[in-house]
Amino acid sequence: MKDSKKDMSELTEQEKSELKVEWLGVDGALVLLYIALACIYGYGMLNSIDFIIGIMAPGIAILITVGVFLKYCTEVFSFATGKKGGDKSKKE
Amino acid sequence: MTIIDNVVVVVCFIGILLVGYYFSKTSQDMDSFYKANRALPWSLVVGTLMASWYGGAGVVGTVGYSTTMGFAGFFIWSIGAHAVRFPLALWVAPRISVKAKGTIPDLLRVNYGKFAAVLGAVVIVISCLSIGEIAAVGYVGEGAWHANKILVAAIVVALSIGVTCLGGLMGVAVTDMIFFFLMVTCVSAAFPKLFFSVGGLDGIKAALSGPAPEMLTAFGGIPIPQAAILIILCINLYKDPTFYQRFAAANSPKTGKRAMLLCFSIWLSFDVVTIMTGTIIRVRDTALAVQPEVTYVATVVEYLPVVAKGLFIVGILGAIISTLDSYYLIGGEIISNDIIYMLRGDRKLKDKVSITITRIAAVIFGIIGLFTAFRFDRVYDAYLFLSSISMTLLFVPIIAALMYDGKKTTVAGVASMVVGGVIWILFQYVCPVSISGVAIDPVLIGLPLSFVAFLIGNRFGKDLNAERRLKGL
């Protein structure tokens, strides 16, 4: 653990590419999602729109959470059935 | 709480301990115990980041604070808090994954030398006591069972220690995922009924326009100095050791980054729920005659059906457990792998000894936390106290270590920490400053002065960064 430090100049090409922010890809979409939600919730709060605050906000929190949880469950399932192990060894 | 709800609570917690026990068989060496073999997938990183951040202070504490902040809690605290953390997700998290594969003291050691690392390690270990979380447990116990808060806190601390000692990071991450799911779904599912019971936003505005009209405006519920403190404390996450551990344990740099970016949207939506719940609590008790945290738990329990009540309590207590076990694990890791390692003259401990020390440390953290947690009036006050002092000391040297690749000296690291600490103690205890009757948190003064001390200190001593490059480390 103690000898695992690296200088930025010694990063591999793959690591360098992973440090880049994909503004036109998933990274940008996730940033936009946050900005859109902040505007919608703020608008709903100041203009007394019950649907946005009472239904949409908790609904979105639940939807994303259930989605992430299901994604994890499918990963555990595919790992248990050996699929993931095969993929990983291929990658390495 | 009915007998069925109590059975649900007991069964869920036995299940969680069994998960920890399952992972205890696979976490026998240091890399698996502390870093989960650096194999955490995206979904698990989202769950563990979410649950570790949104503990008792995040849920029960936010509800309590929102009873006086109102809408400003969303516009200043929530939007501001997450906005200033975007650089952490976009640029710092991937760098942690490839650059800081150990702990924060490891990072400090490489950039500023041994003394700075020991000093940083001690500060982090103190912040790992998580007294705000333990204080929150007491209010949940009072609200759900009218039980003695210290007794409930002791049970929850014992469970947290159990999960930490058994499963290591993988056990903590998997239980975090389960708690994250229960916490968000149960707290959010209980909200619409509560919200419409007071007549929605029109009902809230009608009820509060007389006693607390400032709560209904975007920036009115928080005095300006307090708002500034909150925004600055939001960047506290940049030096949070549990986040470093998660990013380092993620299976790729992109994993940690994208997990955190998604967390922002969940946090924002969940903040609306908790902040509006706090506002509703104020509508129901405008004089705030009862502790709002206790009223919140009691109110939600009253509104939910049987079984859902039990799951709600598991979700709330689970949020607290998942935060506590995360901090106990990282605190124990820092004691055994950093402090003891350095005190032994850089000799590594054997894997089994290191894990045993971490387990003992987790027990000690729990005991100290129980003795200190209930000395604060509000959950958030306990959280803010520890955040404030640790941020003043650590923020500047950690961010410089991660984001600045130029010259770095021992004097710079030590000076920024010592100046930050001294200024914090001076303005907290000797000459506190207040503007318009609102106390100014010493972090506002300590942070810029810590940065100045870093710049001046960086002019003295050897460039450790250049030395490291020459050695090819």
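This is a predicted model: local features need pLDDT of at least 70, side-chain atom pairs count only at pLDDT 80 or more; totals for chains, interfaces and linings use all residues.
**View 1. Chain B as a whole is built from 21 helices and two strands.** Its C-alpha atoms fill a box of roughly 70 × 55 × 40 Å along the principal axes. Chain B has 473 residues, and a compact globule of that length would have a radius of gyration near 23 Å; chain B has 22 Å, so the two agree. Of the 473 residues, 62% count as buried. Take the contacts in chain B between residues at least 6 apart in sequence: 86% of them join residues at least 24 apart.

**View 2. Chain A holds four helices and zero strands.** From the N terminus on, its elements run α-α-α-α. Chain A has 92 residues, and buried residues make up 20% of them. The unreviewed UniProt entry lists residues 21-43 and 49-70 of chain A under "transmembrane region". In the model, residues 21-43 of chain A are 78% helix and 0% strand. The end C-alpha atoms of that stretch lie 29 Å apart. Residues 49-70 of chain A are 95% helix, again with 0% strand. Here the end C-alpha atoms are 31 Å apart.

**View 3. Chains A and B meet in a contact of 41 residues from chain A and 58 residues from chain B.** On the side of chain A that touches chain B, the elements giving two or more residues are α1 (13-19), α2 (26-46) and α3 (50-80) of chain A. Of these, α3(A) gives the most, with 16 residues. By residue type, this side of chain A divides into 26 nonpolar, five polar and 10 charged.

**View 4. The loop between α2 and α3 of chain A carries A:S48.** Phi of A:S48 is near 55 degrees. That is a positive value in a residue other than glycine. A:S48 has 15 C-beta neighbours inside 10 Å, so A:S48 counts as partly exposed.

**View 5. The largest nonpolar core has 185 residues.** Which members touch the most others? They are B:V140, B:M183, B:C263 and B:F312. Helix α10 (residues 149-197) of chain B gives the most to this core, with 28 residues. Now focus on B:V140. Leaving aside its neighbours within four places in sequence, B:V140 is in contact with B:V60, B:V152, B:V297, B:I313, B:I316 and B:L317.

**View 6. Helix α10 of chain B also contains B:F196.** B:F196 has 13 C-beta neighbours inside 10 Å and therefore counts as partly exposed.

**View 7. Helix α3 (residues 42-53) of chain B has 12 residues.** This helix reaches 16 Å from its first C-alpha to its last, close to the 16 Å expected at 1.5 Å a residue. Is α3(B) enclosed or open? 12 of its 12 residues are buried, so α3(B) is largely enclosed by the rest of the structure. The buried residues run from B:W42 to B:W53, including B:L44, B:G47, B:T48 and B:M50.

**View 8. Helix α19 (residues 410-430) of chain B has 21 residues.** At 1.5 Å a residue, α19(B) should span 30 Å; its end C-alpha atoms are 29 Å apart, which agrees. Buried residues of α19(B) include B:V411, B:V414, B:M417, B:G420, B:W424 and B:F427. An α-helix has 3.6 residues a turn, so residues three or four places apart point the same way.

**View 9. Helix α20 (residues 443-457) of chain B includes B:L444.** B:L444 has 17 other C-beta atoms within 10 Å, so B:L444 is partly exposed. B:L444 and B:F427 are 17 residues apart in sequence and 10.0 Å apart in space, C-alpha to C-alpha. B:F427 is one of the buried residues of α19(B).

**View 10. The loop between α15 (292-303) and α16 (308-343) of chain B contains B:V307.** Phi of B:V307 is positive, about 75 degrees, although B:V307 is not a glycine. With 13 other C-beta atoms within 10 Å, B:V307 is partly exposed.

Technical notes:
Residues are numbered from 1 along each chain as its sequence is written. Chains are lettered from A and ligands numbered from 1 in the order in which they are written. The expected span of a helix is 1.5 Å times one less than its number of residues. UniProt positions are given in the numbering used here, feature names are shortened, and annotations may be inferred rather than shown by experiment. Two residues are in contact if their C-beta atoms, placed from the backbone, lie within 7 Å. Ala, Val, Leu, Ile, Met, Phe, Trp, Tyr, Cys and Pro count as nonpolar, Asp, Glu, Lys and Arg as charged, and the others, Gly among them, as polar. A nonpolar core is a set of buried Ala, Val, Leu, Ile, Met, Phe, Trp, Tyr and Cys residues joined through C-beta atoms within 7 Å. The radius of gyration is taken over C-alpha atoms; the globule rule is 2.2 Å times the number of residues to the power 0.38.
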